[in-house]
Amino acid sequence: MKVVPLQKKEKVLGKVYGKRRYDLPLNNNENTRFLVILIALMSFLATLGLSGFFTLGAMAERWTSGLKNNLTLEIPAETKEGRLLSAEEMTSLTQAAVSILSSYPAVESHTVMSREDIQKLVEPWLGEGTLSAAAFPLPGLISVKTKPGTERKSLEALTEKIHSAVAGARLDTHESWLRDVLRFTGALQFAATLLLATIALTTIIAVAGAVNARLSVHRADVELLHLMGATDRYISRQFQRHALLLGLAGSAAGVAAGSLGLLAIGWMTGEMDVNLLPQHRLSLPQIISTATTPLIIALLAVMAARQTVLQALAKMP
Amino acid sequence: MIRFEHVGLRYGIGPEVLSDINFTLAPGSFHFLTGPSGAGKTSLMNLMYLGRLPTRGLVTMFGQNINKMKREDMVAIRQRIGVVFQDFRLLNHMSTFDNVALPLRIVGKPEKEIQSNVSELLEWVGLGEHMNVLPNTMSGGQQQRIAIARAVVTRPRLLLADEPTGNLDDEIGERLLSLFEQLNRMGTTLVIATHNQMLMDKFPHPRLILSKGILTIEESKFNLRKKLEGLF
Ligand SMILES: Nc1ncnc2c1ncn2[C@@H]1O[C@H](COP(=O)(O)OP(=O)(O)OP(=O)(O)O)[C@@H](O)[C@H]1O
Ligand SMILES: [Mg+2]
């Protein structure tokens, strides 16, 4: 093995470091570590916030997708006076409803649910086996699919028509339920957006504060660079490059930790078998926005640094 | 190149350090600036390298009134001026090499050119062995030579040197003075603040003498004799 003389080695090192040369000693300070940790935490939160945003969107989608354009027509099993209808009576009422539905233009399709289907639907509430007795009164249910873009007026007319033919029939449009779900998830998504905005603002303020502190620490050196003919842009580039490195390091770590956290949460909810939550499948927009979070945060840091330095330098001779 | 008209300078609410300074330095001239300690030599230099604006009077540098100068124009003028600060003002977080290379990097010279120019210059001032050493680990004289190398590396049109030989022995002092003369011959205008009587005697250039805030110009005896010889 050839031993490189120290002098030469030093020169090589000098060249390597030359690429990462700082005109101001920005890279060796405790403030740096503080800022990296802060940015990492912010990125961690941003990852969770983003995931919350997308999960809420998926949730709303899942809860509503099955319901849009879907109606349920319910034929009660007893009259207003409380008399149970006979099987024949039920069949004839169902027939009447079906004939209206078949001829109604806005209806795309309809399915009369069999006794077994209905039984399956109510079983969780009433317990298995309780319905084996065929005599147990069950309402008639017809699931109706309307054509996309059907207007509310048209549905009201349909309801009217069915009411006159089948006394006590109920047409459930799920509309109020839909509205509530969308309003609820919308509000939560708005909260998530606020959280993301707060994170961005905090990052900007922290970077600006750190840059101002460093500027006053290195004021003499900054002045010297000015006296040697450095432009404001030249000096701010020093800070921008530094902010970029810190921002990338911090946010990459934060987003990585955040993603691990999400995996853990996903695993926990998977174990719980919560039917309300959508399957924890990552959507493409979520993957893209999570992957670009470090870049966006680093970019915010760079812009904050640039703005702060240029403003401060404009006040210097 | 440099024109001062009725220039006064005070720091804050203190007394006037410079009062009614008047002089003109032609392009390509070489002047010593001398006077007792505290007379205001450094302050005068400060005005010349645009480190401060005068509190009164008119300073014209490279044909431009510095009071009315825009920021961008100041940058262009500062890039044409090399300064050796009395207290060196080296950056202690970077190597000797990088300190000297800094003014070249600021003006965006290609790295290859920087490598060869800076190495050559450092060899010349006797610091070839210390290129990768941090300045604050070196002696006062060595640091002074780094400061000088940094000031001349861009071949400035105007070189302002504040006590550049204060920490150097006579031999190196003379060697550097002859470097300055060489620059002067290539067109650089020089102002060198110094107390060193021997050096001023050896290199006969006109002197700007500051005393109690007033500046007088004294032609060197050598030049006077030459002028007298020309008369007869
Ligand atoms: N930044 C400053 N703030 C306030 N007063 C200052 C400042 N710099 C210099 N002075 C004052 O201005 C006067 C002239 O100082 P200056 O440094 O210009 O003198 P000098 O001729 O360079 O001295 P020396 O030969 O010791 O270097 C001194 O009285 C000093 O106290
Ligand atoms: Mg001085």
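This is a predicted model: local features need pLDDT of at least 70, side-chain atom pairs count only at pLDDT 80 or more; totals for chains, interfaces and linings use all residues.
**Stop 1: the contact between chain A and chain B**

Begin by selecting the residues of each chain that touch the other: chain A contributes 26 residues and chain B contributes 21 residues. Together the two chains bury about 2100 Å², and carbon and sulfur atoms account for 58% of that area. For polar interactions across the contact, six residue pairs are in polar contact, both residues of each pair being at pLDDT 80 or more.

On the side of chain A that touches chain B, colour helix 1 (6-19), helix 7 (219-227), helix 8 and helix 9 (284-314), the elements that give two or more residues each. Helix 7 of chain A gives the most, with seven residues. A colouring by residue class on this side of chain A shows 14 nonpolar, four polar and eight charged residues.

**Stop 2: the salt bridge between the chains**

How many salt bridges are there between chain A and chain B? The count is one salt bridge. To display it, select Arg71(B) and Asp232(A), whose closest N and O atoms are 3.0 Å apart. Asp232(A) belongs to helix 8 (residues 232-272) of chain A and Arg71(B) to helix 2 (residues 71-78) of chain B, so this pair joins two chains. Asp232(A) counts as buried, at 17% relative accessibility, whereas Arg71(B) counts as partly exposed, at 29%.

**Stop 3**

Over all chains, the model has nine salt bridges. Several of them can be shown by staying in chain B.

Select Lys202(B) and Glu174(B), which form a salt bridge with their closest N and O atoms 3.1 Å apart. This pair links distant parts of the chain, with Lys202(B) in helix 7 (residues 197-202) of chain B and Glu174(B) in helix 6 (residues 170-185) of chain B, 28 residues apart. Glu174(B) is partly exposed, its relative accessible area being 23%.

Next, select Arg207(B) and Glu218(B), where the side chains form a salt bridge with an N to O distance of 3.9 Å. Arg207(B) is in strand 9 (residues 207-211) of chain B and Glu218(B) is in strand 10 (residues 214-218) of chain B, so the pair ties together parts that are eleven residues apart in sequence.

**Stop 3**

Thr42(B) lies in helix 1 (residues 41-48) of chain B, and Gln86(B) lies in the loop between strand 6 (81-84) and helix 3 (96-106) of chain B, so the pair ties together parts that are 44 residues apart in sequence. Thr42(B) is partly exposed, with 33% relative accessible area, and Gln86(B) is also partly exposed, with 41%.

**Stop 4: Asn184(B)**

Return to helix 6 of chain B, where Asn184(B) is found. Asn184(B) counts as buried, at 16% relative accessibility. To see its surroundings, select Gly28(B), Ser29(B), Phe30(B) and Leu190(B), which Asn184(B) touches when residues up to four places away in sequence are not counted.

**Stop 5: Val222(A)**

Finish in chain A by selecting Val222(A), located in helix 7 of that chain. Is Val222(A) buried or exposed? Val222(A) is buried, its relative accessible area being 0%. Leaving out residues up to four places away in sequence, Val222(A) touches Leu24(A), Leu215(A), Ile235(A), Leu313(A) and Met316(A).

Conventions:
Residues are numbered from 1 along each chain as its sequence is written. Chains are lettered from A and ligands numbered from 1 in the order in which they are written. Side-chain values use heavy atoms; hydrogens and water are left out. A salt bridge is a side-chain nitrogen of Lys or Arg within 4 Å of a carboxyl oxygen of Asp or Glu. Helices (H or I, at least four residues) and strands (E, at least two) are DSSP runs, numbered from the N terminus. Buried means under 20% relative accessible area, exposed over 50%, partly exposed in between (1.4 Å probe, protein chains only). Contact means heavy atoms within 4.5 Å. Buried area is the accessible area (1.4 Å probe) that two parts lose on being put together, summed over both. A polar contact is a pair of N or O atoms within 3.5 Å; within protein, one must be able to donate a hydrogen and the other to accept it, and residues adjacent in sequence count only if both atoms are side-chain atoms. Ala, Val, Leu, Ile, Met, Phe, Trp, Tyr, Cys and Pro count as nonpolar, Asp, Glu, Lys and Arg as charged, and the others, Gly among them, as polar.
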